[in-house]
Amino acid sequence: AESGEMYGHLTTANSIRDLVNHPAFAGFGELLLPRDDNSRYYDTPLRNVGSLMPYHGHVEPAVVVGALNHMIDEVSAGQTIFYNFYSDEQKQNDPAKENTGLFFYRGDPDAPFAVVAPGGGFSYVGSLHEGFPVAQRISELGLNAFVIRYRIGSEQNATEDLAAAITYIFRNAEMLGVDTRDYSVWGGSAGARMAGPIGRAEAWRA
């Protein structure tokens, strides 16, 4: 955001289209949503956001919107909230990698970090429910939290994305302002299946 530019909040009355096109999310608004093509949901109001994630229950629209508004406030404060962990060259070689990235919820400077891998049965990424609100709570406790948007459709690809994202954070820890010691990986459902191999690899390396 330009210095002093304030972006307006979303409400549960706003539509999915309003979310995708929100100026604070320019360039990556679609990646906030569960699927690679969410256009059929654009007219859905955020109060019905749970309908986008059929494998998830107890979705609370106000909580979802609150976590999104936290990111909007960060952008208004001049913070970067989205990072690409694949290079342009890697994306050119595999266009599916265009639909990846990390959303950052800052905690205390140089605190350890957590990576949250939302579930969705590898048919969608449930960041709106199982990612952003979780990361917001982690950041409120002082830790730095990332939510990964991974490739849909393949457990192997999704797990490779998680490994690549962690590598990116390690390589850019100083720029991101995070401590790489005592980091954690959080996963729900499909996300837990991604986190498992990462944990086993870390245990083997240790």
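This is a predicted model: local features need pLDDT of at least 70, side-chain atom pairs count only at pLDDT 80 or more; totals for chains, interfaces and linings use all residues.
**Exercise 1.** Find which residues of helix 5 are buried and which elements they pack against.

Solution. 
- Step 1: Helix 5 covers residues 132-140.
- Step 2: Its buried residues are F132, P133, A135, Q136, I138 and S139.
- Step 3: An α-helix has 3.6 residues a turn, so residues three or four places apart point the same way.
- Step 4: The buried residues of helix 5 pack against helix 2 (61-76) and helix 4 (127-130). They also pack against strand 2 (101-105), strand 3 (112-117), strand 4 (144-149) and strand 5 (179-187).
- Step 5: After helix 5 comes G142, with a positive phi near 105 degrees.

**Exercise 2.** Classify the ring pair F28 and F103, and work out which parts it ties together.

Solution. 
- Step 1: The whole structure holds 14 aromatic pairs.
- Step 2: The ring centres of F28 and F103 are 5.8 Å apart and the planes stand at 70 degrees, so this pair is edge-to-face; the cut-off for that class is over 60 degrees.
- Step 3: F28 is in the loop between helix 1 (16-20) and helix 2, while F103 is in strand 2, so the pair ties together parts 75 residues apart in sequence.
- Step 4: Buried means under 20% relative accessible area. F28, at 11% relative accessibility, counts as buried, and F103, at 0%, counts as buried too.

Note on methods:
Residues are numbered from 1 along each chain as its sequence is written. Side-chain values use heavy atoms; hydrogens and water are left out. Buried means under 20% relative accessible area, exposed over 50%, partly exposed in between (1.4 Å probe, protein chains only). Helices (H or I, at least four residues) and strands (E, at least two) are DSSP runs, numbered from the N terminus. Contact means heavy atoms within 4.5 Å. Rings of Phe, Tyr and Trp (its six-membered ring) pair if their centres lie within 6.5 Å; planes under 30 degrees apart count as stacked, over 60 as edge-to-face and the rest as tilted.
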